[in-house]
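Colleague: Could you walk me through this model? I am new to reading structures, so please spell out the terms.

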Amino acid sequence: MTAPVVELVGLSRSFPGTPPVHALRDADLLVQQGDYLAIVGPSGSGKSTLLHLLGLLDRPTSGVYALDGVDTASLDDRERAGMRAHRIGFVFQSFHLLASRTTAENVMLSEVYRKGPRKQRRARAVEALERVGLGHRIDAMPTTLSGGERQRVAVARALVGRPSLLLADEPTGNLDTATSEQILELFRELHDDGLTLAVITHDLEVADVAERRVQIRDGVLSELERSWR
Ligand SMILES: Nc1ncnc2c1ncn2[C@@H]1O[C@H](COP(=O)(O)OP(=O)(O)OP(=O)(O)O)[C@@H](O)[C@H]1O
Ligand SMILES: [Mg+2]
């Protein structure tokens, strides 16, 4: 038995203030390898807070977060950065591509924070771009790409390190319906290939294609039944 990709036990995150904000309260969650999760909930409910914790961009106030069986509380900042670089892929609503770099360079740059052989960086970037259907736009500048193509570059950049977990925060938020569907189709293929995905979304279409749906309301996390609509 391999360890779950994510194990949360009583995870909480509060932000100081008067009154303090309890953005995530006592969350329990188990994500197994190959799971495809949608995280839904109203604005301000704690979705991004959860994603930042999962992505090791933030630390919980209390509770346990184990990633690939490693208790992340035991890690120092350097080890957390290493784990983030090697095990987590991020995709955001606004694609965060460097405008002055080609698509291949944008994908390659994600490996700057990663140890390992430099020589094959370009080959790995090309392979990731081919994986997302952009093998023909390797040397294109991001400004010449459509929104959907830019997001696919961002997905390629997230995938190039072969992460254990792909985290996406409103990945279709800036895309029209047809383009969103292409991204969802790509996520479905990645899921079929065994990737573990957690996708934050307001969009019921996006939530619909996931395998599991987790809801957050006022910082309280609960899993929805299959017949959730
Ligand atoms: N750094 C911070 N300092 C103080 N409060 C914060 C901080 N980050 C988030 N919050 C608060 O925590 C709560 C949850 O915020 P979060 O960003 O997780 O919501 P969300 O579900 O992602 O919302 P949206 O759908 O609008 O993106 C909100 O009340 C927010 O104001
Ligand atoms: Mg958010």
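Colleague: Which strand and which helix each supply at least two residues of the shell around ligand 1?

Modeller: Before I answer, this is a predicted model, in which local features need pLDDT of at least 70 and side-chain atom pairs count only at pLDDT 80 or more, while totals for chains, interfaces and linings use all residues. Residues are numbered from 1 along each chain as its sequence is written, and chains are lettered from A and ligands numbered from 1 in the order in which they are written. Strand E2 (21-31) and helix H1 (47-54) each supply at least two residues of that shell, where helices (H or I, at least four residues) and strands (E, at least two) are DSSP runs, numbered from the N terminus. The largest share, 3 residues, comes from H1.

Colleague: Which residues surround ligand 1?

Modeller: They are Phe 15, Val 21, Ala 23, Gly 41, Ser 43, Gly 44, Ser 45, Gly 46, Lys 47, Ser 48 and Thr 49, and a residue is near a molecule or strand if its C-beta atom, placed from the backbone, lies within 6 Å of it. The shell divides into 3 nonpolar, 7 polar and 1 charged, where Ala, Val, Leu, Ile, Met, Phe, Trp, Tyr, Cys and Pro count as nonpolar, Asp, Glu, Lys and Arg as charged, and the others, Gly among them, as polar.

Colleague: E2 is a strand, so what sheet is it in, and in what order do the strands come?

Modeller: E2 belongs to an open sheet of 4 strands in the order E2-E1-E4-E5, with antiparallel pairing; two strands pair if DSSP finds at least two bridges between them. E2 and strand E5 (70-71) stand at the edges with a single partner strand each, so one side of each is left without a neighbour in the sheet. Strand E4 (residues 62-67) and E5 pair over 2 bridges, and Leu 67 stands opposite Val 70 in E5.

Colleague: And how many strands form the sheet with mixed pairing?

Modeller: That open sheet has 6 strands, in the order E6-E7-E8-E3-E9-E10. Its edges are strand E6 (88-92) and strand E10 (220-223), each with a single partner strand, so one side of each is left without a neighbour in the sheet. E6 and strand E7 (residues 165-169) run parallel and are joined by 5 bridges, with Leu 166 in E7 as the bridge partner of Gly 89.

Colleague: Changing topic, which residues of H6 are buried?

Modeller: Helix H6 (residues 177-192) has 16 residues, and its buried ones are Ser 180, Ile 183, Leu 184, Leu 186, Phe 187 and Leu 190. A residue is buried if 20 or more other C-beta atoms lie within 10 Å of its own, exposed if 12 or fewer, and partly exposed in between, with C-beta atoms placed from the backbone. Seen down the axis of H6, the buried residues fall within an arc of 155°, so they line one face of the helix; the arc is that of the directions from the helix axis to the C-beta atoms.

Colleague: What does the other face, turned away from the buried side, carry?

Modeller: That face of H6 carries the exposed residues Thr 177, Ala 178, Glu 185 and Asp 192.

Colleague: Last one: where does the cis peptide bond sit?

Modeller: The cis bond joins Thr 18 and Pro 19, with omega about 0°, and Pro 19 is in the loop between strand E1 (6-15) and E2.

Definitions and conventions
The expected span of a helix is 1.5 Å times one less than its number of residues.
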